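Biologist: I have the model open beside the sequence and would like to go through it with you. Could you take my questions one at a time?

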Amino acid sequence: MNSGSPTSTGDGLASTAHPPTQLPRSSSAESTSTAASIRDDQTFAGALWRGWRLRLLVLAVLAGCIAALTLAHWLGEQTRIDARWRTDATSSIQLVSTKDPQLRPFVGNRLVAIETGERRITFDKLAALQAAPRWAVTEASRSRLKAMHDNLHAAFSGNSVSLEFDNAESIQVTPRAAGMASLSIGFWLTCSAMLLLYVVAVSVLLANPQPHTQLFALIATCQAGNMGFLAVETALQWGFPPALTQFEAPWRSGLDLLTAAAIVHVTSIHPRRLPSSELLAAGAWAIALLLSAALFAEVLPQAWWWSQLTVALLATVSLVLLTWSHHIEAHPYSLLLRTVGAMALAAWLMLSGIAVLAERLPDLHVHFQAIGPMLWSMVFISLLLLVPFLSHSRVALREFALVAGVSTVAAILDLMLVGFFAFGPLSSVALTFFISIGLYAGARHWLLDHLLGQRRLSTERMFDQLYRIAREVEVHPGQAPVLLMQLLQDLFEPLEAGTVPAIAGEIAVVKGGGSAMLVPTDLTDGDTDADQPGTSIVLRFARRGRRLFNAEDARLAGRIVEQLRRAIAFDRAVEHGRIEERQRLAQDLHDDIGARLLTLMYQSKSPEMEEYVRHTLQDLKTLTRGLSTTDHRLSHSAAEWKTDLHQRLSAAGIVLNWNCDYDRDMALSVVQWSALTRILRELVSNAIAHARASRVEINLHLSYGELDLRVSDNGNGHHPDKWSHGLGLGGVRKRAKQLGGKVTWLQLRPSGICCVVKIEDFATPG
């Protein structure tokens, strides 16, 4: 991505200021974001509902409830026949139940016509219950539906109507207002869905009042309005008021157009702002508003086709924008929105296609008018609920939204099986049930695997890395962020990783709606230097930008940090015990064996014995100092080695040539110091006792962490490849291997042996 492109404002998170280890980045502008922008991020998952937010939410919920009750009261005041009707298998309107004693004998009969003093209204197969003009494809069918509803409303507004049934009998009934108690359960369920969508819109808006959440609230509110129209249709069934039949189609088409324009707008700025996003959004809004105005003015021929194709076109544009956004920055939220958008577009095209075919298939038309609009609304509402709940790992709501989405797809399949393939009700429901189970299992697997993520790092590898990190952090605490970041990168495969200044007491937490996760790097329980500010690791876009972080990821990262802290604390306690034990042994050797050797030296009867005891005391002094000291500088150790070896070789009449050079004066651990001391002593002892050499040359070279030690003599040794290694030479090999090195013996010309000890990672603690 070019550095001059706009930065992302959707997730509230940007790249870190000073990343020690970093994967490919998206923009130089993003790298200038501070830790404060991360701390202040408030999402739908993390908003604290207190103060003004809580008060506004309560007021909004109360306003929504009052509006729903007002709608229910208005519908309850509409005069109608107090009865339940349905469209049966023969596409006729059948009386299901009634509270009117006069109508009870006709339960189960089919209605043929309704008569008033002025008109007779007959029903054919196109007169389905809840047949609203919105989904009527042609102008002729829309006009016919409007005329039917106007006539029914006029008939129900009179004093009495005559109902004619298929048994050639008629009955005179009086339409009346039955009140809210008479409203069907379908109305209350639809009204509850409308209220739920409205509350979700308000909650998202209050939790994070950003441009993309404002657009989400607008989309949800438009679809809540559509659900309101569906609730009215469910309550009245037939005989809509003239105002509703006149403006229902333009209003609902306009709400769908505004929804599509808002989707184009939100995809142009979220999860990242695209170039020319203002121009794209302005074009989408202009198209939606101009077409909505033309629909209200009724100046556009084939209005249904214009609205359906425009919505599909704007939805396709939004999918293209999301693909473009993911190409610029592999944000997992763009993949989520693209998947949800593709599902919505597929449902829209499928329902539109069924509506077109239903004009030519009367049986399909009846079923479609009865459940088609409700299916589309439920599909879209399910997808709207799926978007915020998935990114925040609300398990119950995520499962609810998933079940609702699969249920709507199953209902569409049932509609197609009945309309296209002439399946019976029982067979279509059974087949749809099994298909929906498969869809749910597959969709749930995809969500858990591709979006919410599965662990790829094996248990063995994780344990090995935890052990290695604990060892290295114990010696080099400053390497904790880098080492922990490497482990987290292997575990979560983030697209970006870096560090930011940490806050005391911070725990692993998900930010930016799942686009990033903060993990503290303090592995020493606050035992670090107070002058050095702590850091936190920022991981962005898990699985290379293909999924979002969730609460389970944060808990796992927190457990990893806690286990590392415990491992380091345990190792420190063990090492502290080792140091105390070595110091005790050194003190005992000094006080006991040292005192005895000193007495023996003063009581020796010959100068040779006195000199031997003196050298033994010197060796004991070197040994006890090595045991009691935990930090051996290489320069100090080299000086001690040279002095000790020079005394031993001089006593044997052997000349010592000592060469030592190093690129840094590193601190030797007790293991390193002890191993090198014993290797040098053993090799010099061999030169004195077996080689009968007159000269010994020792070269010690340390460069870029690699140690090269060479001990050469001009003695009578030969054919080292045929030697049988006893305790002495075997001990040299063992100690070199303990340091991660290897030993090689070479024969020199004209005489002598050279022992080469090479340790490649000598500067790295074992």
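Biologist: Where is Y602 found?

Modeller: Y602 is found in helix α16, residues 551-602, where helices (H or I, at least four residues) and strands (E, at least two) are DSSP runs, numbered from the N terminus. Please keep in mind that this is a predicted model, in which local features need pLDDT of at least 70 and side-chain atom pairs count only at pLDDT 80 or more, while totals for chains, interfaces and linings use all residues. Residues are numbered from 1 along each chain as its sequence is written, and side-chain values use heavy atoms, with hydrogens and water left out.

Biologist: Is Y602 buried or exposed?

Modeller: Y602 is exposed, with a relative accessible area of 64%; buried means under 20% relative accessible area, exposed over 50%, and partly exposed in between, with a 1.4 Å probe and protein chains only. Y602 and R614 are 12 residues apart in sequence, and their C-alpha atoms are 9.7 Å apart in space.

Biologist: Switching to Q308, where does that one sit, and what is it in contact with?

Modeller: Q308 is in helix α8 and counts as buried, at 3% relative accessibility. Leaving aside neighbours within four places in sequence, Q308 is in contact (heavy atoms within 4.5 Å) with R134, W135, W348 and S352.

Biologist: How do α6 and α7 pack?

Modeller: Two packed helices are described by the angle between their axes and the distance between the axes. For α6 and α7 the angle is about 175° and the axes are 9 Å apart; the axes are lines fitted to C-alpha atoms, for helices over the stretch in contact, and angles run from 0 to 180 degrees between N-to-C directions. That makes α6 roughly antiparallel to α7, since angles over 145 degrees count as roughly antiparallel, under 35 as roughly parallel, 65 to 115 as roughly perpendicular and the rest as oblique.

Biologist: What classes of residue make up the contact of α6 with α7?

Modeller: The contact of α6 with α7 has 18 nonpolar, 6 polar and no charged residues. Ala, Val, Leu, Ile, Met, Phe, Trp, Tyr, Cys and Pro count as nonpolar, Asp, Glu, Lys and Arg as charged, and the others, Gly among them, as polar.

Biologist: What about the backbone in the loop between α6 and α7?

Modeller: As background, most residues other than glycine have a negative phi, and most peptide bonds are trans. P271 lies in that loop, between α6 (242-269) and α7 (277-297), and a cis peptide bond with omega of about 10° joins H270 and P271. S276 lies in the loop between α6 and α7 as well, and has a positive phi of about 60° although it is not a glycine. S276 is partly exposed, with a relative accessible area of 47%.

Biologist: And what is the peptide bond from R749 to P750 like?

Modeller: The bond from R749 to P750 is cis, with omega near 5°, and P750 is found in the loop between β16 (741-747) and β17 (753-759).

Biologist: On to the strands: which ones does β15 pair with?

Modeller: Strand β15 runs antiparallel to β14 (residues 695-703), to which 8 bridges join it, and also pairs with β17 in the antiparallel sense over 6 bridges; two strands pair if DSSP finds at least two bridges between them. In β15, R710 is the bridge partner of N699, while L709 stands opposite V757 in β17. The strands β14 and β15 form a hairpin with 2 residues between them, and Y704 in the turn has a positive phi of about 55°.

Biologist: Why is β15 described as largely enclosed?

Modeller: Because 6 of the 8 residues of β15 (residues 706-713) are buried, the strand is largely enclosed by the rest of the structure.

Biologist: Last topic, how many disulfides are there?

Modeller: The count comes to 0 disulfides, a disulfide being a pair of cysteine sulfur atoms within 2.5 Å. The sulfur of C65, for instance, is 9.1 Å from the closest cysteine sulfur, which is in C191, and that is too far for a bond.

Biologist: How exposed are C65 and C660?

Modeller: C65 counts as partly exposed, at 28% relative accessibility, and C660 also counts as partly exposed, at 27%.
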